[in-house]
Amino acid sequence: MTHSWNNGENRQPRRILITGGAGFIGSNFVHHWCESYGGDRVVVLDALTYAGNRQTLAQLEGRENFRFVQGDICDRAAVDSLLQEEAIDTVAHFAAESHVDRSILGPGAFVQTNVVGTFTLLEAFRQHWNGKGQPSDYRFLHVSTDEVYGSLGPDDPAFTETTPYAPNSPYSASKAGSDHLARAYFHTYKVPTIITNCSNNYGPYHFPEKLIPLMCINMLLGKPLPVYGDGQNVRDWLYVRDHCSALDVVIHRGEPGETYNVGGNNEVKNIDLVRMLCKLMDEMATELPVRPCEELITFVKDRPGHDRRYAIDATKIKTELGWTPSVTVEEGLRRTVEWFLTHEDWWKPLLSEEYQAYYNQVYV
Ligand code: NAD
Ligand code: TYD
């Protein structure tokens, strides 16, 4: 079933700035928005770090209503002039350093982009919104993660919007800092910020360093499938397009100053997830260097500080805004395996020397 989150005939066109729109979730959101709201102005601001890929947006580049700007969210002058010249009324803020293992190797970039970058955007947006007379329909959506809530035990209830923050990695700590700033800008200045905290996403355009794409690509290359520790860590998986539909609803119907948890209600142990992927790949791939793929599973040294379990209670967004996910984990994984099977031209160039150097550092 697909939902239509369009808010009716009376909807006014928006002028939306999407930061990090060349990354995994940001690019899926850009595609979602352009497909849903063809009359809107869509401006992407992305620094094109290792995780950003302009190719992902190539089919949109010729559109009259679309503009891609390469730039850093920490660059206040660039952000100021973009908000001004594009008369932006909505910011969807995805830009971030997003990978826990990289945050362990080098936390500085995470503090810079996630904390200082978010602060810079908030300040620029506050000035812009004030300059326009504080319009009530402006929105600043801050896209965050469930990892800010820390780690759950096996029987703990899932994270709600009132669960105290307890971030454990430099990544989640820097996201927590940015969430606090977004919250404070509403509380102090009434800037219409809304925060979403989402569980693990998966789907098309996912950078190869993350669990699901890494496993799919390694199976296709016949390389070991590195499972950290005992493989019993639990994540709550959400198909990326479901995340996008949730963010759409939050922008249109969410309350400024509020936080909404977004999750798929799909808790799976890592080892079970990897086995599911192996079975799908065995079934769907015509040629594989090693079959069955399960033979490639290798338990490796655990990630330092590895959070044991995440689980999201998404009752608030369901009851207040009417959003629920539409893709089951079985269906979503099938679509994802199919996507990696048919998009070698997208992922192969990402296995660069830089990626190999990173890989060798983590998987020693
Ligand atoms: P990603 O790493 O795939 O993409 C990040 C994008 O931000 C890239 O295009 C990169 O070039 C850009 N970027 C990085 N630094 C920048 C800077 N200083 N200025 C401008 N652009 C910059 O990340 P993702 O997985 O798509 O995550 C997007 C957002 O969603 C992040 O804020 C992340 O914390 C959050 N989130 C991710 C997940 C997940 O499962 N991936 C889950 C919940 C929340
Ligand atoms: P990841 O995709 O990095 O997301 P996050 O750490 O933000 O949840 O990892 C998902 C889970 O998979 C996490 O428990 C760590 C584990 N994992 C592995 O076991 N092996 C790997 O090679 C990777 C990248 C992750």
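Guide: Two rings of Phe, Tyr or Trp (taking the six-membered ring of Trp) are a pair when their centres lie within 6.5 Å; planes under 30 degrees apart make the pair stacked, planes over 60 degrees make it edge-to-face, and the rest are tilted. The model is predicted, so local features are given only at pLDDT of at least 70 and side-chain atom pairs only at pLDDT 80 or more, whereas totals for chains, interfaces and linings use all residues. Residues are numbered from 1 along each chain as its sequence is written, chains are lettered from A and ligands numbered from 1 in the order in which they are written, and side-chain values use heavy atoms, with hydrogens and water left out.

By that criterion the structure contains 22 aromatic pairs. Phe110 is buried because its relative accessibility is 2%, and Tyr171 is buried because its value is 8%; buried denotes under 20% relative accessible area, exposed over 50% and partly exposed the range in between, with a 1.4 Å probe and protein chains only.

Phe125 and Phe140 provide another edge-to-face pair, with ring centres 5.5 Å apart and planes at 65 degrees. Since Phe125 lies in helix α4 and Phe140 in strand β5 (residues 139-145), this pair ties together parts 15 residues apart in sequence. Phe125 and Phe140 are both buried.

A side-chain N or O atom of Tyr171 is 2.7 Å from an oxygen atom of ligand 1. This is a polar contact, that is, a pair of N or O atoms within 3.5 Å; within protein, one atom must be able to donate a hydrogen and the other to accept it, and residues adjacent in sequence count only if both atoms are side-chain atoms. Nitrogen atoms of ligand 1 take part too: one is 3.0 Å from a polar backbone atom of Ile73, and one is 3.1 Å from a polar side-chain atom of Thr113. Ligand 1 exposes 840 Å² when taken alone, of which the protein buries 96%; these areas follow the Shrake-Rupley method with a 1.4 Å probe, and for residues only the protein chains shown count as cover.

The cluster consists of Tyr50, Phe207, Tyr228, Tyr355, Tyr358, Tyr359 and Tyr363. Of its members, Tyr363 is listed with Glu147, Arg235, Arg303 and His306 as the closest among the 18 residues surrounding ligand 2. Asn200 has a side-chain N or O atom 2.9 Å from an oxygen atom of ligand 2, and Leu211 places a backbone N or O atom 2.9 Å from an oxygen atom of that ligand. Tyr228, also a cluster member, has a polar backbone atom 2.8 Å from an oxygen atom of ligand 2. Alone, ligand 2 exposes 510 Å², and the protein buries 97% of that. Two or more shell residues come from each of α6 (211-221) and β8 (225-228), and the largest share, three residues, is from β8. Eight nonpolar, five polar and five charged residues make up this shell.

Finally, charged groups sit over two further rings: the charged end of Arg11 is 3.8 Å from the ring centre of Tyr37, and that of Lys316 is 4.8 Å from the ring centre of Tyr260. The criterion places NZ of Lys or CZ of Arg within 6 Å of the ring centre and within 35 degrees of the ring normal.

How values were computed. Helix = DSSP H or I, 4+ residues; strand = E, 2+ residues; numbered from the N terminus. Near = heavy atom within 4 Å. Nonpolar A, V, L, I, M, F, W, Y, C, P; charged D, E, K, R; others polar.
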